[in-house]
Amino acid sequence: MHGRGVFALESIRKGARIIEYTGRRIPWSSVPEDLDDERTYYFGLDGGKLVIDPKIGGNEAQWINHSCNPNCEAIEEDLGRVFIYALRNLRPGEELLYDYQLEVDVPRTKEVEKENRCTCGSSNCRGTMLEST
């Protein structure tokens with residue numbers, strides 16, 4: 001879809017906590033303007049001042065792909081920890097997907113949308129991984 005992907009090894013029940021999105025917490029202000037790897041996404045935390053950098057201390061959760069028709073969701077819990085939960089029952093071999101809902105700190109233009117293009121192919125695809133407007 002967009003990158004490597006993560007797949008269920010066994011059945012996962014709706015509502016199950018699947019994995020924590022791990023990595024080093026860094027300030028938004030230290031994230032470079034031009035990233036070396038366009039497939040690295042920093043996970044913004046609710047306070048807006050910190051992000052999770054999966055390149056250092058990250059796990060398999062960093063490879064979960066985006067979909068406009070997700071079967072998982074990312075939920076930030078106490079102390080800035082982010083967990084991935086199943087939105088429905090998942091079968092072995094099924095790819096885990098959540099809606100990235102990316103936020104940008106620049107005006108949303110066609111160019112910004114193109115940079116964050118979605119290729120999930122779902123029938124309700126927004127065409128972008130950016131948050132819904």
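**Entry 1**

I started with glutamate 77, which is partly exposed at a relative accessible area of 26%. For my own reference, buried means under 20% relative accessible area, exposed over 50%, and partly exposed in between, with a 1.4 Å probe and protein chains only. A note on what I am reading: this is a predicted model, where local features need pLDDT of at least 70, side-chain atom pairs count only at pLDDT 80 or more, and totals for chains, interfaces and linings use all residues. Residues are numbered from 1 along each chain as its sequence is written, and side-chain values use heavy atoms, with hydrogens and water left out.

Which residue meets glutamate 77 in a salt bridge? I found arginine 17, with 2.7 Å from N to O between the side chains. Here a salt bridge is a side-chain nitrogen of Lys or Arg within 4 Å of a carboxyl oxygen of Asp or Glu. Arginine 17 belongs to strand β1 and glutamate 77 to strand β6, so this pair ties together parts that are 60 residues apart in sequence. Arginine 17 is partly exposed too, at 47% relative accessibility.

**Entry 2: the sheet**

Three strands make an open sheet, ordered β1-β7-β6, with antiparallel pairing. β1 (17–21) and β6 (72–77) are at the edges with a single partner strand each, so one side of each has no neighbour in the sheet. From one strand to the next, the twist averages 30°. The axes behind that angle are lines fitted to C-alpha atoms, for helices over the stretch in contact, and angles run from 0 to 180 degrees between N-to-C directions.

I then checked β1 against strand β7 (residues 81–86): they pair in the antiparallel sense over four bridges. Two strands count as paired if DSSP finds at least two bridges between them. Helices (H or I, at least four residues) and strands (E, at least two) are DSSP runs, numbered from the N terminus. What stands opposite glutamate 20? I see phenylalanine 83 in β7 there.

**Entry 3: the other salt bridges**

I count seven salt bridges in the structure. One of them joins the side chains of glutamate 94 and arginine 88 at 2.3 Å, N to O. Glutamate 94 is buried at 11% relative accessibility, whereas arginine 88 is partly exposed at 36%.

Aspartate 99 has a salt bridge to arginine 126, with the closest N and O atoms 2.8 Å apart. Aspartate 99 sits in the loop between β8 (97–98) and α1 (110–115) and arginine 126 in the segment after α1, so the pair ties together parts that are 27 residues apart in sequence. I noted aspartate 99 as buried, at 18% relative accessibility, and arginine 126 as partly exposed, at 30%. Through shared partners, salt bridges also join Arg88, Arg91 and Glu94 into one network.

**Entry 4: two single residues**

Is lysine 49 buried or exposed? It is exposed, at a relative accessible area of 68%, and its place is in the loop between β3 (43–44) and β4 (50–53). Leaving aside neighbours within four places in sequence, lysine 49 is in contact (heavy atoms within 4.5 Å) with Ile26, Pro27 and Trp28. I also looked up cysteine 68: its C-alpha atom is 26 Å from that of lysine 49, with the two residues 19 apart along the chain.

Asparagine 65 is buried at 3% relative accessibility. The side chain of asparagine 65 makes a polar contact of 2.7 Å with that of glutamate 95. A polar contact is a pair of N or O atoms within 3.5 Å; within protein, one must be able to donate a hydrogen and the other to accept it, and residues adjacent in sequence count only if both atoms are side-chain atoms.
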